[in-house]
Amino acid sequence: DSFLLNRCKKWVENCRRADLEDKTADQLNKHYRLCAQHFETSMIRRSSPYRTVLRENAVPTIFDLTSHLNNPHSRHRKRIKELSEDEINSMKQRKLDETAEQEQANLETNERNIQVLEEERIKEVSPLTQEEKENREYLRSLFEILILMGKQNIPLNGHSMEVPEGVFTPDNFQALLEYRINAGDEVLRRRFEMTAVNLEYCSKTQQKQMLEICESCIREEMLREIRDSNFFSLVTDNVVDIADVEHLPVFVRFLDESNNLRE
């Protein structure tokens with residue numbers, strides 16, 4: 001209000017602080033303090049032996065403006081110059097420019113450090129051998145098939161009817177793998193070209209291990225998105241029995257990075 005504003009102006013004027021004249025009452029109250037020795041005794045109202053409270057109309061009036069004359073260390077100090085508005089604006093602009101230059105220098109330093117670390121990491125990582133490259137491409141092909149089947153809700157096994165004894169009928173995963181070989185996947189062809197026709201290219205154990213890897217990746221990615229979201233909720237249901245093992249179903253709902261509702 002006007003009373004508080006006028007009192008702040010009076011305090012700044014009595015303290016001879018021209019550099020604070022453009023400050024608001026809120027800024028002065030938050031960032032600046034004045035010692036109680038600058039106030040008359042009548043301006044001070046003590047609420048307790050450990051706390052000093054000023055009266056509402058308190059104004060600082062006690063200032064020793066000649067103390068520096070008796071101090072040999074400060075006798076020859078220059079008087080503080082009252083800055084004009086242009087000088088204050090110039091100082092502010094200079095400080096902003098220095099801050100911007102410092103931030104730019106820090107950014108460039110961080111970029112150089114990141115580049116150096118990346119170069120060191122690349123040097124430390126030994127190049128893959130030909131066998132390792134082929135294994136990586138082979139696993140990529142298998143996982144692409146597995147992911148496709150998951151997106152299309154295709155089971156890995158594929159035969160609900162009994163298959164005659166002695167007849168080899170590939171499951172869905174095997175059939176898609178053979179289809180991919182026939183479509184020109186050279187990595188898979190080189191891997192299985194010497195394999196018997198009635199032999200599984202990828203055993204049930206291998207398929208189970210691949211499913212566990214996919215499950216772990218999906219869980220970690222989902223947990224990361226939930227941790228990064230601002231809001232999420234959990235809902236549980238009754239325990240269900242799957243393959244003689246009890247499972248507790250947990251449903252999660254959250255907002256992703258684009259503020260889209262995910263379940």
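Biologist: Let me start with a residue I picked. Is Lys92 buried, partly exposed or exposed, and what is its relative accessible area?
Modeller: Bear in mind that this is a predicted model. Lys92 counts as partly exposed because its relative accessible area is 38%.

Biologist: Which residue does Lys92 form a salt bridge with?
Modeller: Its partner is Asp22, and the closest N and O atoms are 3.1 Å apart. The pair links distant parts of the chain, with Lys92 in helix α3 (residues 85–124) and Asp22 in the loop between α1 and α2, 70 residues apart.

Biologist: And Asp22, buried or exposed or in between?
Modeller: In between: Asp22 has 42% relative accessibility, so it is partly exposed.

Biologist: Why would two such side chains pair up at all?
Modeller: Side chains of opposite charge can pair when their charged atoms come close.

Biologist: How many salt bridges does the count come to?
Modeller: The count is 12 salt bridges. One of them joins Arg189 and Glu186, at 2.5 Å from N to O. Those two are 3 residues apart in helix α6, so about one helical turn separates them.

Biologist: What about Arg219, which residue does it form a salt bridge with?
Modeller: With Glu215, the closest N and O atoms being 2.7 Å apart. Both lie in helix α7, 4 residues apart, about one turn of the helix. Arg219 is partly exposed at 40% relative accessibility, and Glu215 is partly exposed at 44%. There is also a network, in which salt bridges that share partners join Glu144, Arg180 and Asp185.

Biologist: Why does a spacing of three or four places keep coming up?
Modeller: An α-helix has 3.6 residues a turn, so residues three or four places apart point the same way.

Biologist: Okay, let's zoom out. How many helices and strands does the chain have?
Modeller: It has 7 helices and 7 strands. From the N terminus on, the order is α-α-β-β-α-α-α-α-α-β-β-β-β-β.

Biologist: What share of the chain do buried residues make up?
Modeller: Buried residues are 17% of the 263 residues. The chain exposes about 22,100 Å², and carbon and sulfur atoms supply 52% of that.

Biologist: Now the inside. Which residues in the largest nonpolar core touch the most other members?
Modeller: Of its 16 residues, those are Leu142, Leu146, Phe173, Leu177, Leu188 and Met210. The elements giving two or more residues to this core are α4, α5, α6 and α7, and the largest share, 6 residues, comes from α4.

Biologist: Which residues is Met210 in contact with, leaving aside its neighbours within four places in sequence?
Modeller: Leaving those neighbours aside, Met210 is in contact with Leu142, Phe143, Leu146, Phe173 and Cys202. A second, separate core of 5 residues includes Cys8, Val12, Leu20 and Ala25.

Biologist: Back to α5. Which of its residues are buried?
Modeller: In α5, which covers residues 172–182, the buried ones are Phe173, Gln174, Leu177 and Ile181. Seen down the helix axis, they fall within an arc of 95 degrees, so they line one face of α5.

Biologist: What do those buried residues pack against?
Modeller: They pack against α4 (130–151), α6 (186–192) and α7 (204–228). On the other side of α5, Tyr179 and Asn182 are exposed. After α5 comes Gly184, with a positive phi near 115 degrees.

Biologist: Last one. Which residues form a nonpolar patch on the surface?
Modeller: Phe232, Leu234, Val239, Leu248 and Val250 form one, with about 500 Å² of accessible area together. Of these, Val250 is found in strand β6, residues 250–255.

Conventions
Residues are numbered from 1 along each chain as its sequence is written. This is a predicted model: local features need pLDDT of at least 70, side-chain atom pairs count only at pLDDT 80 or more; totals for chains, interfaces and linings use all residues. Side-chain values use heavy atoms; hydrogens and water are left out. Buried means under 20% relative accessible area, exposed over 50%, partly exposed in between (1.4 Å probe, protein chains only). The arc is that of the directions from the helix axis to the C-beta atoms. Contact means heavy atoms within 4.5 Å. A nonpolar core is a set of buried Ala, Val, Leu, Ile, Met, Phe, Trp, Tyr and Cys residues joined through side-chain atoms within 4.5 Å. Patches are made of residues with over 30% relative accessible area and no salt bridge: like charges are joined within 9 Å, nonpolar side chains (Val, Leu, Ile, Met, Phe, Trp, Tyr) within 5 Å. Accessible areas come from the Shrake-Rupley method with a 1.4 Å probe; for residues, only the protein chains shown count as cover. A salt bridge is a side-chain nitrogen of Lys or Arg within 4 Å of a carboxyl oxygen of Asp or Glu.
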